[in-house]
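Subject: Handover of a structure and findings

Dear colleague,

I am handing over to you the structure shown below. Please look through it before reading the notes that come after it.

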Amino acid sequence: MRFFRLAFVAVFSIAAALPSPSGAQSDSVFPPLRAVDRANFDTTCAPCNDFFGYVNGGWYKRTQIPARYMMTGVDRDVQDRTEALLKSILERSVAEGPEARDPTTKRLAIFYGTCMDSARADREGYQPIRADLGRISGIRSRPELAAALGDLQRIGVDVGIPFYVAPDFRNSDIQFLHLYQGGIGLPDRDMYLLPDSSQAAIRAQYLAHVGRMLSLIEVPATDRAAAKVLALETALAKGAFRAEDIRDASKTDHRMSMAQLQALGKEMDWTAFFRAAGAPPVTNLNVAAPSEVQALDSLVRAAPLDDWKTYLRWQLASAAAPYLSTPFQKEDLEFRKIVFGETELKPRWQRCLDATDASIGEALGQAYVKVTFPPAAKARMKAMIRNLREAMRDRISALDWMSDSTKAAAQQKLSALVAKIGYPDQWRDYSRLHLAQGPFVRNVFAATAVETQRVLAQVYKPVDRSEWGMTPPTFNAYNNPTFNEIVFPAGILQPPVFDPSADDAVNYGATGATIGHEMTHGFDDQGRKFDAKGNLRNWWASKDSAEFEARSDVIVKQYNAYIAIDTFHVNGKLTLGENIADIGGLMIAHDAWRRSLAGKPEPPPIDGFTSEQRFFISYAAFWRDKMRPETERTLVISNPHSSIRWRVNGVVGHLPEFAKAFHCQASDSIPRSPAQRMQIW
């Protein structure tokens with residue numbers, strides 16, 4: 001994955017060129033993308049001391065991040081092409097109109113069309129959410145507050161404490177209800193609590209932003225009201241788990257009955273909360289962060305109802321702001337400026353496209369894959385996954401520190417791993433979603449409510465393992481440990497991450513490394529806790545588990561030493577899973593590539609680079625990205641991925657083949673001695 005994605009990017013290609021909005025081939029608008037491009041190099045950087053700079057430094061120095069984005073690079077290049085195609089699909093849908101015969105086209109036409117109606121949005125201001133605000137004003141008791149929290153969660157407003165539906169940690173064949181943590185406006189609890197000056201400045205800017213947003217919905221005394229919101233969110237943040245703990249499945253496994261939940265959170269009417277959210281009768285559930293339930297409960301007991309109403313108004317306005325009038329959209333941009341450094345709104349068509357994909361993405365995906373994803377792409381992806389699986393199988397067999405019983409269980413899990421490629425076999429049914437030509441925000445809330453109803457109806461029922469957690473156009477991929485699966489949407493399967501015209505070294509360096517990354521996630525510090533069926537179960541011999549922890553600590557210490565930005569160091573514990581997957585993925589990809597050359601002559605140099613060099617250059621080029629310092633500071637606190645530069649320089653040194661390919665010396669900073677290398681998978 002790049003940064004905000006759930007797992008890590010897996011890659012492949014679509015060979016077909018993508019049409020521009022006018023229908024012309026996109027190559028006339030977007031130049032071809034190459035993984036190995038000397039124009040991006042900075043040869044003043046020594047590859048053995050700064051490999052990221054050597055491969056990407058020229059591009060990095062000359063590139064300015066567009067004002068409307070938090071980062072740019074490979075992600076942006078690929079998404080520009082994808083969005084051009086999606087825009088043309090949506091514009092054709094609108095041209096056919098809401099009277100289109102095809103229900104998917106009709107649905108897209110109404111949703112995207114109402115979003116594009118900026119005149120109506122500006123004319124109506126916050127009128128589309130006035131009724132919701134009225135219901136908040138009408139809250140008179142704690143049970144009514146609990147019901148309001150559930151009702152707002154139902155339409156996608158993150159208030160109080162969120163929930164989600166996913167397999168039972170202990171029985172992955174059954175869908176289960178999980179309470180998570182949330183209800184705060186800033187991206188991470190530490191942004192409320194860290195005392196350093198940079199976070200204090202963010203909190204001051206955030207406080208002013210909350211006040212301005214409240215003024216747009218005519219809340220009086222906004223300075224005092226905003227202070228109440230910040231105080232309530234800070235109290236919730238104090239009860240939340242740290243980022244490195246919330247990603248630990250063993251720390252978030254707290255199965256409870258409803259009676260136990262009610263005893264944990266005595267003042268909160270949980271029955272009213274779940275009923276308003278649309279859940280079936282809840283008998284038992286998992287509570288990820290009991291401490292946040294207790295924090296919420298203390299606030300339900302002690303915070304005045306008027307403070308709660310102010311908080312609910314703010315959260316509703318914040319959630320609706322991107323879909324309301326221009327003043328709301330500009331104020332929403334101010335928030336993104338605070339935490340990510342963006343200073344310009346995306347064009348309206350782009351924002352509407354994002355909203356369509358987020359709300360009815362499988363409807364959009366059906367049209368997308370008809371144009372972009374030929375069967376040959378899926379076949380080639382399957383072949384590469386087979387090669388990577390066999391390479392990992394060999395590495396497990398060769399481990400000298402793991403007992404035979406644990407090896408056998410690991411091999412069983414690897415054999416059971418499912419790979420989903422491109423798009424779902426069965427498309428999501430949107431027939432229950434009724435869209436109107438009215439205010440766009442109501443269509444967004446309607447789509448969210450239908451999706452909430454759909455997933456809550458699955459609670460305590462058999463898991464449908466054919467479901468996808470991402471939409472087909474998404475530039476992303478993921479590993480789902482409870483399904484024991486790796487998933488590659490069609491949106492990620494295109495150049496330059498995979499180039500049909502490139503040599504195998506290039507494709508294995510990028511595509512292979514990221515497929516290997518996803519596989520390794522199933523065996524990282526958290527993935528290893530799930531068995532072949534996706535159950536949270538210890539299948540490790542105790543000696544092997546202790547040895548894994550000791551070997552992982554080498555990686556924690558390595559990344560703790562890296563500076564992300566300013567005085568902020570990478571959090572080696574928070575990023576451990578991604579770092580293990582980065583390193584393991586590259587190792588497995590290199591093994592698979594060399595296996596593919598068995599019995600063949602060594603490939604000749606291309607553009608002055610040997611095939612070994614091109615393998616590593618392709619990997620580094622995959623990370624050709626640049627982000628704003630505001631984004632970097634936010635991510636180092638909240639995101640389980642290391643900084644871009646360290647996802648290259650911190651990884652390649654673990655492979656002795658890298659040092660050999662670039663003639664590195666012992667005094668160089670990137671190559672790692674045998675004792676410093678990851679020796680896990």
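This is a predicted model: local features need pLDDT of at least 70, side-chain atom pairs count only at pLDDT 80 or more; totals for chains, interfaces and linings use all residues.

Residues are numbered from 1 along each chain as its sequence is written, and side-chain values use heavy atoms, with hydrogens and water left out.

The sheet

Helices (H or I, at least four residues) and strands (E, at least two) are DSSP runs, numbered from the N terminus. Two strands pair if DSSP finds at least two bridges between them. Three strands form an open sheet in the order β6-β8-β7, and the pairing is mixed. Because β6 (418-422) and β7 (478-480) stand at the edges with a single partner strand each, one side of each is left without a neighbour in the sheet. On average, neighbouring strands of this sheet are turned by 20 degrees against each other, direction ignored. For angles, axes are lines fitted to C-alpha atoms, for helices over the stretch in contact; angles between N-to-C directions run from 0 to 180 degrees.

β6 and β8 (residues 485-489) run parallel and are joined by five bridges. Along this pair, Lys 420 stands opposite Val 487, and Gly 422 stands opposite Pro 489. β7 and β8 run antiparallel, with three bridges between them, and here Asn 479 stands opposite Ile 486. The hairpin of β7 and β8 has four residues between the strands, and Asn 484 takes a positive phi near 50 degrees in it.

A residue counts as buried under 20% relative accessible area, exposed over 50%, and partly exposed in between (1.4 Å probe, protein chains only). Five of the five residues of β8 are buried, so this strand is largely enclosed by the rest of the structure. In a regular strand the side chains alternate between the two faces of the sheet. In β8, Glu 485, Val 487 and Pro 489 point one way and Ile 486 and Phe 488 the other way.

Contact here means heavy atoms within 4.5 Å. Helix α17 (residues 375-397) packs on the sheet and touches β6 and β8, its direction making about 150 degrees with that of β6. Helix α20 (residues 504-521) lies across β7 and β8 and runs at about 145 degrees to β8.

Single residues

His 178 belongs to strand β3 (residues 171-179) and is buried, with a relative accessible area of 0%. A polar atom of its side chain lies 3.2 Å from the backbone oxygen of Pro 167. Beyond its neighbours within four places in sequence, His 178 is in contact with several residues, including Pro 162, Phe 163, Tyr 164 and Asn 286.

Ala 589, in helix α22 (residues 576-596), is likewise buried, at a relative accessible area of 0%. Not counting residues up to four places away in sequence, Ala 589 touches Leu 388, Tyr 508, Gly 512, Ala 513 and Phe 615.

On a 1 Å grid over the protein atoms alone, a cavity is a set of points where a 1.4 Å probe fits but cannot get out, and a pocket is an open set with protein on both sides within 12 Å along at least five of seven lines; lining residues have an atom within 4 Å of a point. Grid points are joined across faces, edges and corners, and a volume is the space filled by probe spheres set on the points.

The structure holds four cavities of 30 Å³ or more. The largest cavity contains about 80 Å³ of space. It is lined by 12 residues, and Leu 635, Val 636, His 641, Ser 642 and Ser 643 are the closest to its centre.

The second largest pocket has a volume of about 410 Å³. Of its 22 lining residues, Arg 428, Asp 429, Arg 454, Gln 458 and Glu 467 are the closest to its centre. α16 (348-372) and α19 (440-456) each supply at least two residues of this lining, and α19 gives the most, with five residues.

With kind regards

Definitions and conventions:
A polar contact is a pair of N or O atoms within 3.5 Å; within protein, one must be able to donate a hydrogen and the other to accept it, and residues adjacent in sequence count only if both atoms are side-chain atoms.
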